[in-house]
Amino acid sequence: MERLELRLLGFPEFRLNGRRVELALRKAAALFIYLAEAAGPVAREVAATLLWPETDEEAARARLRRTLYKIRIAFGREVIAASGTSLSLHPALSVEVDSKVFEHACNAGPLDEAADMHKGDYLAGFSVPDCPEFEEWVFFRRETLRSRLVQALERLIEAKIASGEPRSAVVHATRLTGLDPLSESAHRHLIRAHLAAGDRAAAERQAESCVRLLRDELGITPDPTTLALLREPTHDTTLDVPRTRYVEVDGIHIAYQIVGNGPMDIVLVPGFISHVERVWEDRRCRAWITAVSRLGRLILFDRRGMGLSDRVGARPTVEATAQDILAVMNAAGSRRALLIGASEGGPGCVRFAVNHSDRLIGLVLWGSLAKGSRVPDYPFALTVAQYDLWKQRLLAGWGGPAEIETFAPSLAADRQAQTWWAGLLRAASSPGAVAGLLEALRDTDVRHLLAKVSARTTVLHRSGDRAVRVEAGRFLAANIPGAKFIEVAGSDHWFWVGDQQPLLDSISAFARRS
């Protein structure tokens with residue numbers, strides 16, 4: 001079988017049986033790359049529109065035929081299987097695409113090989129300026145792969161320090177800070193690695209560099225916990241962040257942490273974005289976690305496809321979230337727990353409450369919803385068109401503090417919060433990866449399950465919530481039998497910002513009755 005290799009991490013290269021093939025025509029290379037990355041056949045009209053968006057249909061299809069001919073001439077054989085309606089790489093070829101091999105290594109290991117494989121950004125230096133849809137696809141793909149690299153490096157740093165290889169941790173942490181010089185988390189990793197290697201002077205220089213960069217570029221100061229790393233150089237400087245553990249669910253690894261050791265188990269199901277380690281870097285979020293961990297044993301986790309959990313090719317469903325909750329509870333040895341569903345995590349909790357009512361002490365829903373988009377009998381959500389526009393705005397701002405004014409208006413002007421949120425977004429996911437999750441949320445509908453929830457339920461919602469209207473919370477409480485509704489003053493969607501006491505009191509009430 002003939003072997004086709006595509007090197008897409010960096011400027012693209014193509015090889016057939018070891019022979020380098022030059023595709024001088026940019027659109028020929030773009031078409032070939034797109035087909036190689038596709039999960040299946042691509043419709044001819046999709047390929048034509050992608051590469052000749054301003055051309056009428058007949059002319060675009062004619063240009064597509066000429067481009068296919070030029071690809072065949074360059075390779076000296078048919079490498080694309082073309083039918084009257086679709087295109088795909090020829091099934092007789094053995095195909096290796098380095099970006100896909102990299103993703104597999106991130107999922108299955110070894111992580112050292114994954115990090116070595118990512119030698120440059122996806123399609124670095126390659127562009128097709130008159131094809132905006134292709135350029136947007138490349139941008140999302142590039143950000144997805146950069147996010148996977150950051151995740152792999154963070155896990156490698158922790159593993160190397162834990163296994164007594166601090167010099168290797170320094171190498172990986174240095175690369176991490178190079179990827180994102182304004183990430184306080186990356187600087188913190190490097191400071192820890194230097195301290196683990198016994199090089200206090202290098203750790204102090206790195207801390208000074210962090211202070212200078214954040215001051216000069218962002219006008220902020222580091223979180224006190226960053227500089228506190230230097231005060232106890234012999235201590236395992238993890239900022240008291242619990243060890244991240246993993247449980248496997250159908251081949252997917254779910255990251256989770258256990259905080260505290262109280263008599264009641266509490267499982268927090270996050271909203272659309274999470275990262276079990278980065279949440280500790282915000283002082284408000286850290287204070288909330290600490291307060292809850294005094295009430296019970298708190299179990300945090302990242303849903304599949306998010307944060308430190310494995311990325312998945314399919315859109316996450318409420319059934320998958322319920323499956324993840326069960327797996328994490330089993331792994332943590334939790335027989336029954338209070339389930340807290342925040343925002344988009346709520347529908348998965350509803351599904352779990354129906355499927356596994358015997359595993360629940362109770363259910364708390366914060367800023368949550370039963371349906372992701374508007375219909376006549378559920379008028380307090382965005383229409384599908386409005387939702388898609390909001391999604392485009394969020395993705396366009398990815399890399400910065402995207403939509404912080406929606407999620408936490410009281411912090412919209414807080415530079416420290418902006419920097420943390422931007423870093424959390426980059427670490428937790430990427431525009432391309434999170435797009436599918438947002439589409440799944442848009443299509444979520446658990447209204448038919450609400451009447452089947454038998455667990456004691458408390459619904460809390462801020463009166464001025466800009467992300468999920470308060471009417472969505474009232475709907476949940478009105479349709480879950482016996483549910484209690486608490487309206488909280490304020491407009492912040494994040495539960496750890498603003499007045500946190502009503503939520504803490506609700507958790508305490510369950511703790512007293514358990």
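The model is predicted. Its protein chain has an average pLDDT of 91, and 98% of the residues score at least 70. The search of the whole structure gives 37 salt bridges.

**Confidence**

- The stretch of residues 233-239 has a pLDDT below 50. Beyond near neighbours in sequence, this stretch has 12 contacts in the model.

**Salt bridges**

- Arg61 and Glu45 form a salt bridge through their side chains, with an N to O distance of 4.0 Å. Arg61 belongs to helix H3 (residues 57-75) and Glu45 to helix H2 (residues 44-51), so this pair ties together parts 16 residues apart in sequence.
- Arg61 is partly exposed, at 24% relative accessibility. Glu45 is also partly exposed, at 42% relative accessibility.
- Lys160 and Asp112 form a salt bridge with an N to O distance of 3.2 Å. Because Lys160 sits in helix H6 (residues 132-162) and Asp112 in helix H5 (residues 111-117), the pair ties together parts that are 48 residues apart in sequence.
- Lys160 counts as buried, with a relative accessibility of 11%, whereas Asp112 is partly exposed, with a relative accessible area of 30%.
- Arg286 and Asp223 form a salt bridge with an N to O distance of 3.7 Å. The two residues are 63 residues apart and link distant parts of the chain: Arg286 is in helix H11 (residues 283-293), and Asp223 is in the loop between helix H9 (200-218) and helix H10 (224-228).
- Arg286 and Asp223 are both buried.
- One network, joined by salt bridges that share partners, contains Glu154, Glu184, Arg188, Arg278 and Glu281.

**Positive phi at non-glycine residues**

- Leu123 is not a glycine, yet its phi is positive, at about 55 degrees. Leu123 lies in the loop between H5 and H6, and its relative accessibility of 0% makes it count as buried.
- Asp250, which is not a glycine either, has a positive phi of about 50 degrees. This residue lies in the loop between strand E8 (245-249) and strand E9 (252-259).
- Asp250 has a relative accessible area of 66%, so it is exposed; the cut-off for exposed is over 50%.

**Surroundings of Ala342**

- Ala342 is part of strand E12 (residues 337-342). With a relative accessible area of 4%, Ala342 is buried.
- Leaving aside residues up to four places away in sequence, Ala342 touches Val269, Pro270, Gly271, Trp366 and Phe495.
- Ala342 and Trp494 are 152 residues apart along the chain, and their C-alpha atoms are separated by 8.4 Å.

**Helix H14 against helix H17**

- Helix H14 (residues 384-396) packs with helix H17 (residues 431-442) at an angle of about 160 degrees, and their axes are 11 Å apart. H14 is therefore roughly antiparallel to H17, as angles over 145 degrees count as roughly antiparallel.
- The crossing of H14 past H17 is right-handed.
- On the H14 side, the residues that meet H17 are Val384, Tyr387, Asp388, Trp390, Lys391, Leu394 and Leu395. On the H17 side, the residues are Pro431, Val434, Ala435, Leu438, Glu439, Leu441 and Arg442.

**Helix H11 against helix H19**

- H11, the helix that holds Arg286, packs with helix H19 (residues 501-513) at an angle of about 20 degrees. The axes of H11 and H19 are 11 Å apart.
- H11 and H19 are therefore roughly parallel to each other, since angles under 35 degrees count as roughly parallel.
- H11 passes H19 in a crossing that is right-handed.
- The residues that meet are Trp288, Ala291 and Val292 in H11 and Leu503, Leu504 and Ile507 in H19.

**Helix H18 against strands**

- The buried residues of helix H18 (residues 470-479) include Val470, Ala472, Gly473, Phe475, Leu476 and Ala477.
- These buried H18 residues pack against strand E13 (360-366), strand E14 (457-462) and strand E15 (484-488).

How values were computed. Residues numbered from 1 in each chain as written. Predicted model: local features only at pLDDT ≥ 70, side-chain atom pairs only at ≥ 80, totals over all residues. Heavy atoms only, no water. Helix = DSSP H or I, 4+ residues; strand = E, 2+ residues; numbered from the N terminus. Buried < 20%, exposed > 50% of the residue type's maximum accessible area, 1.4 Å probe, protein only. pLDDT = per-residue confidence, 0-100. Contact = heavy atoms within 4.5 Å. Axes fitted to C-alpha atoms, helices over the stretch in contact; angles between N-to-C directions. Parallel < 35°, antiparallel > 145°, perpendicular 65-115°, else oblique. Left-handed = near helix turned anticlockwise from the far one by under 90°.
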